[in-house]
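Student: I would like to learn how to read a model of this kind, feature by feature. Could we take the general idea first and then the case at hand?

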Amino acid sequence: MHPITMNKPHDTLELSPGPTAIQQALQWLEELGERDSWPARTRFGLTLSVDEALTNVVSYAFAGRASSAPRPYIRLLHRAEPGTVHISITDNGVAFDPTGVPPPVADVSIETATIGGHGVQLMRHYLQAMAYTREDDENRLALTAQLPPPDTAA
């Protein structure tokens with residue numbers, strides 16, 4: 001069992017990278033969205049963004065790790081401020097900065113379109129901000145979603 005701590009305004013989730021990590025994180029995110037009444041667009045954008053980021057972490061960050069390496073982990077932190085939702089994803093995998101991924105080249109036609117490579121671009125579309133740092137052998141990805149004013153939330 002992975003500890004979930006739900007204390008406003010900071011909520012955290014500790015995960016071990018593995019086949020159920022993404023599902024657990026998305027369930028945690030859904031519970032936060034319900035609890036804090038995020039509008040549908042915010043829920044969708046954060047769900048897509050966290051799913052994309054964690055898919056990359058789980059798939060690539062710990063591949064080929066030496067058995068003497070520290071225990072792999074992923075930590076998510078939620079912080080709410082008026083008008084914004086912040087989700088931070090921290091892991092101790094290999095360094096990777098998704099903010100440096102260039103936008104995909106536009107496909108000429110549906111016949112020549114390639115699958116994949118659009119996740120970071122979708123994150124940029126749905127998030128107000130995305131920032132990356134590498135500190136103390138950790139990847140730290142900060143995702144910020146803007147909430148609409150209360151009278152326009154849907």
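Predicted model: local features only at pLDDT ≥ 70, side-chain atom pairs only at ≥ 80, totals over all residues.

Student: In what order do the elements of the chain run?

Tutor: Helices (H or I, at least four residues) and strands (E, at least two) are DSSP runs, numbered from the N terminus. The chain has three helices and six strands, and from the N terminus on they run β-β-α-α-β-β-α-β-β.

Student: Which residues of helix 1 are buried, and where do they fall around its axis?

Tutor: An α-helix has 3.6 residues a turn, so residues three or four places apart point the same way. Buried means under 20% relative accessible area, exposed over 50%, and partly exposed in between (1.4 Å probe, protein chains only). In helix 1 the buried residues are A21, I22, A25, W28, L29, L32, G33 and D36. Seen down the axis of helix 1, they fall within an arc of 140° (the arc of the directions from the helix axis to the C-beta atoms), so they line one face of the helix.

Student: What follows helix 1?

Tutor: Helix 1 is followed by S37, whose phi is positive, near 55°, although S37 is a residue other than glycine. S37 lies in the loop between helix 1 (21-36) and helix 2 (40-61), and it counts as exposed because its relative accessibility is 56%.

Student: What covers the buried residues of helix 2?

Tutor: The buried residues of helix 2 include T42, G45, L46, S49 and V50, and the cover includes helix 1, strand 3 (74-81), strand 4 (84-91), helix 3 (119-126) and strand 6. The face of helix 2 turned away from its buried side carries the exposed residues A40 and R41.

Student: Which residues touch the most other members of the largest nonpolar core?

Tutor: In soluble globular proteins, nonpolar side chains tend to be buried together. A nonpolar core is a set of buried Ala, Val, Leu, Ile, Met, Phe, Trp, Tyr and Cys residues joined through side-chain atoms within 4.5 Å. The largest one has 29 residues, of which L46, L54, I74, L76, I87, I89 and L143 touch the most other members. Taking contact as heavy atoms within 4.5 Å, and leaving aside neighbours within four places in sequence, I89 is in contact with residues including V50, L54, L76 and L143.

Student: Which residues are linked with R140 in a network of salt bridges?

Tutor: A salt bridge is a side-chain nitrogen of Lys or Arg within 4 Å of a carboxyl oxygen of Asp or Glu, and by this rule the count comes to seven. R75, E135, D136, E138 and R140 are linked in a network. R140 forms a salt bridge with E138, the closest N and O atoms being 2.6 Å apart, and another salt bridge joins the side chains of D136 and R140 (3.7 Å, N to O). E138 is buried, with a relative accessible area of 7%, whereas D136 is exposed, at 66%.

How values were computed: Residues numbered from 1 in each chain as written. Heavy atoms only, no water.
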